Amino acid sequence: MSLRPTLRLAATASRRCCSLASTRLASTATVPKYKEITHPDIMPGSSKSQSLIDSTSPYMVTTYSRPPIVFTKASGSLIWDAAGREYLDFTGGIAVNSLGHNDPQLCAIMADQATTLTHCSNLYYNSWVGELSKKLVGLTREKGGMHDAAQVFVCNSGSEANEAGIKFARKVGKVVDPSGQKVEIVSFRNAFHGRTMGSLSATPNPKYQEPFAPMVPGFRVGELNDVAGIDELVTERTCSVIVEPIQGEGGVTPAEDEFLVRLARRCREVGALVHYDEIQCGLGRTGQFWAHGHLPKEAHPDILTTAKALGNGFPIGATIINEKVGERIKVGDHGTTFGGNPLACRLACNIVERLGDEKLLEGVKRKEKIFRETFERWRGEWPELVKEVRGKGLILGLQLSEDPAGIVKAARERGLLVITAGTNTLRFVPALTIEEGQIKEGLEKLENAIRATRE
């Protein structure tokens, strides 16, 4: 039997396969890289993520709008979903995971302390709450922050830390002025201080306040960086002024040094306390241990609040005060059930030491430059879209001329997580330990996302 027909058929089939492969390669080659979607959002009913969402979301209060992705594990600045897809994280858990996800030292501490003592209530001393308080006071002074820091109240979250600060200020105001008139608290437009009723009352955003009105009385609102309006805003009735050195949620807007100095000076004139909320911008995020650390001592706060990075994902917050405040707070004035538990405090002791490391802080400044150089190039390429770069260190905002929701989605579909703030602002708050190569990779993904949404 002749093999020629068989060989001819094989050759024909081979040519067809080569032709098909060439067509596919040519087709792939003609698709610009920025159009490639590697991490498409999952359609309903098509994945483990969607199945889990469908089976559990009816039982969850709908306080968040989330994309249809379920994350299951993470390491450093990488996070994986239920389908095993890897994402690069520029959100840092909203400025929380400053040492990255699943830091090995913290995992070891957590495992050890969980088998030793996790909770015993604040009716008794434990081994770690005092140690954390001592460390926070010592590092704050050593690193050029609040020079007269003296005592710490440890709680569970940023909102609770601010709530304590608000209560302490009211108490001090009533001691200073027994008539009860010195109770007003000043905050600023676009601020975000929390969602409990006291901190919410200091967050003058109708989106957050109106559903829960009326607010706690005695709060006044000013304009950030309005030096001329300070004297009229802060009066003899003011007991405290609460301000973020860099507004995070409000759009990554820094308070100007001149404004903070003049604000603090006015507070001293009328006997009001200065309260810096550094929950998002503090603990190394600006390249300084505290965002206010470069200011003169006259502009240092009487109350300093922190959370987020303090636990690197484990719930904890703290309110740092000076003697002027501390001497007026008495037993029974405030309290917390879970705050100051040994597990959270032992973790935080490790975290604050490492976030105060000078090599890490220098790295933050170096990494900022990579972001800024790229952002400035984008301003030149898309001047109609990219309007301004704000912030410091690794709390940066890219002000756009339009809603960035489409860019956020396109970035996610290319394996990058990024979030927004304020109005039309992309916010960048990655882990302080993110690698420089990862920053460049993430910015390339984001640039592709922007290109894809410009067509």
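**Ground rules.** I'm working from a predicted model, where local features need pLDDT of at least 70 and side-chain atom pairs count only at pLDDT 80 or more, while totals for chains, interfaces and linings use all residues. Numbering runs from 1 along each chain as its sequence is written, and side-chain values use heavy atoms, with hydrogens and water left out. My helices (H or I, at least four residues) and strands (E, at least two) are DSSP runs, numbered from the N terminus.

**Entry 1, backbone.** I went looking for a cis peptide bond and found one joining Ala213 and Pro214, with omega at about 5°. Pro214 sits in the loop between α8 (206–209) and β6 (219–222).

Ser121 has one, about 80°, in the loop between α4 (104–114) and α5 (129–142). Asn190 has a positive phi too, about 75°, and I place Asn190 in the loop between β5 (184–188) and α7 (197–201).

Buried or exposed, or in between: where does Ser121 fall? Ser121 counts as partly exposed because its relative accessibility is 23%. Asn190, at 46%, also gets partly exposed. My cut-offs are buried under 20% relative accessible area, exposed over 50%, and partly exposed in between (1.4 Å probe, protein chains only).

I got about 790 Å³ for the second largest pocket. Of its 24 lining residues, the closest to the centre are Asn122, Val152, Phe153, Val154 and His334. The elements giving two or more residues to this lining are α5 and β4 (149–155), and β4 has the largest share, with four residues.

Method note: on a 1 Å grid over the protein atoms alone, a pocket is an open set of points where a 1.4 Å probe fits, with protein on both sides within 12 Å along at least five of seven lines, and lining residues have an atom within 4 Å of a point. Points join across faces, edges and corners, and the volume is the space filled by probe spheres set on them.

I traced an open sheet of four strands, order β1-β2-β3-β15, with mixed pairing. Its edge strands are β1 (71–75) and β15 (416–417), each pairing on one side only. Pairing here needs at least two DSSP bridges between two strands. Strands β2 (78–81) and β3 (86–89) run antiparallel, joined by three bridges. Which residue in β3 does Trp80 stand opposite? I found Glu86 there.
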